[in-house]
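Hi,

Here is the structure I said I would pass on. Have a look at it first, and my notes follow below.

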Amino acid sequence: MSGVVAMGMRARLIALGLSGLALAGSVAAVDGVAPFLNEVEDSRLVVYLDNLGIPTGCEGVTSGMKLGMVLTKEECDEKNAQARAEAAAVVAKATGGMDMPLSVRMALISFTYNVGPGRAGRKDGFVRLKNGRESSMLRKVKARDFRGACGQFDLWANAGGKSCKDTKGRRDGCYGVYIRRQQEKAICLRGL
């Protein structure tokens, strides 16, 4: 990542309220996870509906997207960077800025970038489940059970309430979600 973009990321994270070790760890993790996100997220300049029917553009960005919207590469670069910063800030704030292995932070940022923080009554995510409880992945991170937190990726290999593990080759499948969770799990475990 270039120095200009890295400084931009630092400024984004500061604007999102991060400082100290949480800021330093998040900048390093976003720098580390960016190539992975570039690889696993299709870059699309025309907004489309993802496999859950959510308008999505750029590299998996959903915020502010409207079906059929056309973006430039520069607009997508900006939206991708902002979404990465927001995911890093969610992880840092949810974990109280705690120190953790870089590989774990990278995997959590990728996961949060993909599924979001969650919201009671609405959607499961890294921080909050639809039922209002804190996710077990986050609880394990807070307990410093990083290996256990990495194991939680297996439980998130689904879309729309169906398992994606056995959907390879099916037109209505979501096998890519299963593969991504396996990749995130491998990243997570790498530094333990």
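A quick definition before anything else: a residue is called buried under 20% relative accessible area, exposed over 50% and partly exposed in between, with a 1.4 Å probe and protein chains only as cover. By that count, 43% of the 192 residues of the protein are buried.

Two notes on how to read the numbers. This is a predicted model, so to speak of local features a pLDDT of at least 70 is needed, side-chain atom pairs count only at pLDDT 80 or more, and totals for chains, interfaces and linings use all residues. Residues are numbered from 1 along each chain as its sequence is written, and side-chain values use heavy atoms, with hydrogens and water left out.

**Overall layout**

The protein has 7 helices and 4 strands. These are DSSP runs numbered from the N terminus, where a helix is H or I with at least four residues and a strand is E with at least two. Reading from the N terminus, the order is α-α-β-β-α-α-α-α-β-β-α. The radius of gyration is 16 Å, close to the 16 Å that the globule rule gives for 192 residues, so the protein is as compact as a globular protein of that length. For that comparison, the radius is taken over C-alpha atoms, and the rule is 2.2 Å times the number of residues to the power 0.38. If you are setting up a box, the C-alpha atoms fill one of roughly 45 × 35 × 30 Å along the principal axes.

On contacts (heavy atoms within 4.5 Å): of those in the protein with a separation of 6 or more, 51% are between residues 24 or more positions apart. The exposed surface comes to about 9700 Å², and carbon and sulfur atoms supply 53% of it. That area is from the Shrake-Rupley method with a 1.4 Å probe, and for residues only the protein chains shown count as cover.

As for charges, there are 29 positive and 19 negative ones, and their mean positions are 6 Å apart. Lys and Arg count as positive and Asp and Glu as negative, while His and the chain ends are not counted. Each charge is placed at NZ of Lys, CZ of Arg, CG of Asp or CD of Glu.

**Disulfides**

How many disulfides does a search of the whole structure find? It turns up 3, a disulfide being a pair of cysteine sulfur atoms within 2.5 Å. With the bonded cysteines numbered in sequence order, they pair as 1-2, 3-6, 4-5.

- Cys58 is bonded to Cys76, with an S to S distance of 2.2 Å. This pair links distant parts of the chain, from strand S2 (residues 55–58) to helix H3 (residues 73–94), with the cysteines 18 residues apart. Cys58 is buried at 0% relative accessibility, and Cys76 is buried at 2%.
- Cys150 and Cys188 have their sulfur atoms 2.0 Å apart. Cys150 is in helix H6 (residues 146–151) and Cys188 in helix H7 (residues 175–190), 38 residues apart. The link is left-handed, with -75° about the S-S bond, and both cysteines are buried.
- Cys164 and Cys174 also form a disulfide, again with sulfur atoms 2.0 Å apart. Both sit in the loop between strand S4 (162–163) and H7, 10 residues apart. Here the S-S torsion is -100°, and the link is left-handed. Cys164 and Cys174 are buried.

**Backbone spots to look at**

Most residues other than glycine have a negative phi. Cys58, in strand S2, has a positive phi near 55°. Arg144 has a positive phi as well, near 65°. Arg144 is in the loop between helix H5 (136–142) and H6, and is partly exposed, with a relative accessible area of 47%.

**One tryptophan**

Is Trp156 buried or exposed? It is buried, at 13% relative accessible area, in the loop between H6 and strand S3 (158–159). Leaving aside neighbours within four places in sequence, Trp156 is in contact with Phe111, Asp124, Gly125, Leu129, Met137, Val177 and Arg181. Gly17 is 139 residues from Trp156 in sequence and 28 Å away in space, C-alpha to C-alpha.

Cheers
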